[in-house]
Amino acid sequence: MAAIVLSGALGRAGEGAFPEPYDSEPEAGDGPPAAAEALGLIDLPEGFRATVFAAEPQVRNPIAMAWDARGRMWVAENFTYAERAKRFDLALRDRVLIFHDADGDGRAESRKVFADNLQLLTSVEVGRGGVWVMCPPRLLFIPDLDGDDIADGPPQVKLDGFEVATSNYHNFANGLRWGPDGWLYGRCGHACPGSVGAPGTPSSERIPIKGGIWRYHPQTGVFEVVSHGTTNPWGHDWDEHGELFFINSVNGHLWHGISGAHFLERAGVSRNPGVFERIDTHADHWHFDTVGDWKASRDGAANAFGGGHAHVGMMIYQGKGWPADFRGRLFTMNLHGRRTNVERLERRGSGYVGRHQSDVFVTGDRWFRGIDIRQGPDGAAYLLDWSDTGECHDSTGVHRSSGRIFRISYGESIAPDLADLVSPDADAVRRLLRRPNVWFERQLRNVAVSIGRRDEIVAALRGAIAGETATVIRLRALWTLYAMGETSRAGLRLLLDDADERLRVWAIRFLTDAQPIDTLMGPRAEAMPTAIPDAEFKKFVKIATADPSALVRLALASSLQRLPFAQRAELGTALASRDEDAADHNLPAMVWYGLMPLGEADPMALVRIAENCRWPQTLRWIARSLAGRVAEDSVPLEALLDLAAKSAPAVRVSLLRGIGDAFKGWRKVPMPAAWESLLASLPEAPDPVVVELVRELSVLFGDGRALDAIRAIALDKTLDPAARKSALATLIENRPDDLRKICEALLLDRDLGALAVRGLAVFDDPALGHRLAMRYQYLPSAERSGLIEVLASRPAWAATMLDNMRAGKIPRDGLSAFQARQIRAFGDEKLNAKLAEVWGQVRESAVGKRELIAGWLGKLTPDFLAAADLGKGRQLFAAVCGTEGGAIGPDLTGSGRSDIGYLLENILDPSAVLSIDYQMSVLTLADGRILTGVVAREDEKTLTLRQITAEVTVEKGEISKRHTSPASMMPDGLLLAMSPEQVRDLIAYLQHPQQVP
């Protein structure tokens, strides 16, 4: 982001003329309906009322809001965000506004500008002596200690390193909000990975983040990643018990914000090699059709799903201003559905599950782009409307001249009484803690940090913790006390024995809060946590062993990453011994995330933990970790095999599966000394799953008897096809001397022929290439792409394939643009010339691509598209884009499929804006093959490449050269082999709003 330079007077209002924003959205037409008209298009539940709090020209492009203790709304306006061709228009500026509705009628009477010299502004928060703004790559603090709404000086850069990606720049950091613990929380999208620290922090000391939630302490300056993962979180809030939840787009919309968690992402590999699996969404549903046509859930259409994949803004309503059925519910705005989704949060195991309730506030305004939702001091909810059309990223253009803020209330509006927040005494504090509207206790916490009568306030808060019976009031008092820095370890230790599980949870969190955490790789040596006091730690272990609350155990599991390794092992052992948590959504993974570093630091500790653990997934991960390090230290694996020999069948299966996972892609492994003992311990009629696992590992360990058995299964056509495929896959992975003979014998096999082709790929013999090319016309259509991929992996075989193509034995459209790019990667001029002659020429220059796009725009007229065969278009899409191997490029979900120019740009110039997760890797192998694909997984020993038709795992020792290209796996020549009619059918299918047969 070096190109984004902000002026020295950054943040002060009124310095130089504010550049007039302009509209660049091509679909603007006459613009949005008037604000009053848009108000009437909102479908409100009975008894609810909506007003326009503010609208253009008073507010435009509102992107975020916050509240101060005077009941005023602070709004961030963003004008610099631009269409894809520009990304950001730095000739424009962003600003922070202050609105006030003094009479409580639901309409702001006053507006002032606090700062108008900002850029890339995504968020604003107020408190701790000033105003905080997120302007990626920086977190800024604008001091205003006297609260006169005039900055006391230039902004201070508190953090930097929140980079803004070239692609998917809408994922940039956002979402400033004060948490119940007094930290400032924020969000970061997966496509904008950061390396965060205070200005001047060396790169080796910066904290990496690639999607997730983070927090910053305003007094200590400490920055932490709370959780890693998801795609693009753009809304979060805390429930009445202080549990964090956040909203996300694309790969699951609702997540419980567990500290230290690694959550599932849309694509990419975890930067921590020990994170073998990540925690999935905490909702039991999706807001779009994940099986049929995802587009059918969009565009405001009435449906049971909820409107689409994009979610923005989030509020958990806590107060009495709305009816009881709405209290405690989670509300998030669905961008495409033009509605607010509602979730009911239910306890399940150690955490929660979100259940879909009826959507509310559905609007008929096609310009509605809800982007934030907050509860106000009057108990109403306030919705920010970006007010634009086009697709959800605004890639085609931005309509900057409109924007609205709607207020949604129930019943009669009454101006809130804010007197207790002016200069609160002990009585005022007690009243504020009891106010049903959560807005008041949150403002109290902000005010209390710099409050007068400190001793009096502290006494009132401690009295509430000890004397109140309501959980929520006690928690509010505890949070405020902690934010003020007035809790003591002795007081928190007492709460470990509290009858209320919620107080126990927060006691654990606060007792470990000051310990450094590194959710990525385990603590650096200089940041290794010190041991917590022995008495506290023994209490932790006792709680892990005996506490009936799974939520309390989850708090302990989260705390593992804040403890030194010795304490992790003991506490992890206690947690993993609770059999009732084996199938919990969170605990097996959270305990493992805390134990991961022990694989290197103290591997025998993991063996001891496995002895008392009955959690299938955690056992599997322990085994995978220890087996993967067998070359450095074989003792832990031997001990693990001894454990497997004397364990129950379920434990044995988990351990063997983990060992198999670790050795995936390995060719040979020395047979462990304990292996024969394990075999001898098996019953006469062992579990069939155990038999298969043992047989596969025995082959890897060089056991000739097992190899014979595997070979016999693969060749026996009377056996189950799935078992035969598994056997052949094992043979291919281990490469016995007769592998070629076996695969050639199976080439004509209906069930194993395609897999046999892949097995022959390792043999560099031109004659074999001729034989494989001749098989093309005899293979089922679904298996032909796999054969082409193999032929394209060797220069001689590729030449043979092109000769057959010239002769008409292989059709031109049988070779995809992906595979043509792999052929070009050989760098063979003669082969490239043959490819251009027989198949087509890929245009590499930007000018050539623009000419190609312009040419197709001229051909794809409305009349020509009207004659399209949508069914054939779907077939083409499945053939060239719908891969079996997995995601090798960004989903077009959320893109402007109705815009032909946008579609053509993505298809013909896909590398113009590309996420790092989809960059193409080119591997040159020692046996002469070249493989291209996206890295799906990688460890010290192996690399798994996701190709068009399958995933391929290779040992790194077999890779002679590795190159990461900035190009997309989706090549520029995707349409080259297609006729104009085929291109017409494909484009028309992509534009069609519903799935077709």
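These are my notebook entries on what I looked up in this structure.

**Ground rules.** I am working with a predicted model, in which local features need pLDDT of at least 70 and side-chain atom pairs count only at pLDDT 80 or more, while totals for chains, interfaces and linings use all residues. I number residues from 1 along each chain as its sequence is written, and side-chain values use heavy atoms, with hydrogens and water left out.

**Whole protein.** I looked up the secondary structure and found 32 helices and 33 strands, where helices (H or I, at least four residues) and strands (E, at least two) are DSSP runs numbered from the N terminus. Of the 997 residues, 60% count as buried, that is, under 20% relative accessible area, with exposed meaning over 50% and partly exposed the range in between (1.4 Å probe, protein chains only). For contacts (heavy atoms within 4.5 Å), I noted that residues 24 or more positions apart account for 66% of those with a separation of 6 or more.

**Strand β16.** I then turned to β16, residues 223-229, where seven of its seven residues are buried. β16 pairs with β15 (residues 212-216) in the antiparallel sense over five bridges, two strands being counted as paired if DSSP finds at least two bridges between them. In this pairing tyrosine 216 stands opposite phenylalanine 223. The two strands form a hairpin with six residues between them, and glycine 221 in the turn has a positive phi of about 75°. I also found three bridges joining β16 to β20 (residues 261-263), and these two strands run parallel.

**Serine 227.** This residue lies in β16 and stands opposite alanine 261 in β20. I count serine 227 as buried because its relative accessibility is 1%. Serine 227 and histidine 262 are 35 residues apart in sequence, yet their C-alpha atoms are 5.9 Å apart in space. Not counting residues up to four places away in sequence, serine 227 touches several residues, among them Gly211, Ile213, Phe246 and Phe263.

**Threonine 230.** I placed this residue in the loop between β16 and β17 (236-238), and its relative accessible area of 0% makes it buried. Leaving aside neighbours within four places in sequence, threonine 230 has contacts that include His190, Phe246, Trp255 and Glu265.

**Sheet with β2.** I looked up an open sheet of four strands, in the order β2-β28-β27-β26, with antiparallel pairing. β2 (48-55) and β26 (370-375) stand at the edges, each with a single partner strand, so one side of each has no neighbour in the sheet. Within the sheet, β27 (residues 381-385) and β28 (residues 404-410) pair over five bridges, and leucine 383 has phenylalanine 406 as its bridge partner.

**Helix α14.** I checked residues 616-627, a helix of twelve residues that reaches 16 Å from its first C-alpha to its last, close to the expected 16 Å, which is 1.5 Å times one less than the number of residues. Its buried residues include Leu619, Trp621, Ile622 and Leu626, and the buried residues of α14 pack against α11 (587-595), α12 (598-601), α13 (603-611), α15 (635-645) and α16 (649-662).

**Cysteines.** My search of the whole structure for disulfides (a pair of cysteine sulfur atoms within 2.5 Å) returned zero. I noted that cysteine 135 is buried at a relative accessible area of 1%, and that cysteine 613 is buried at 0%.
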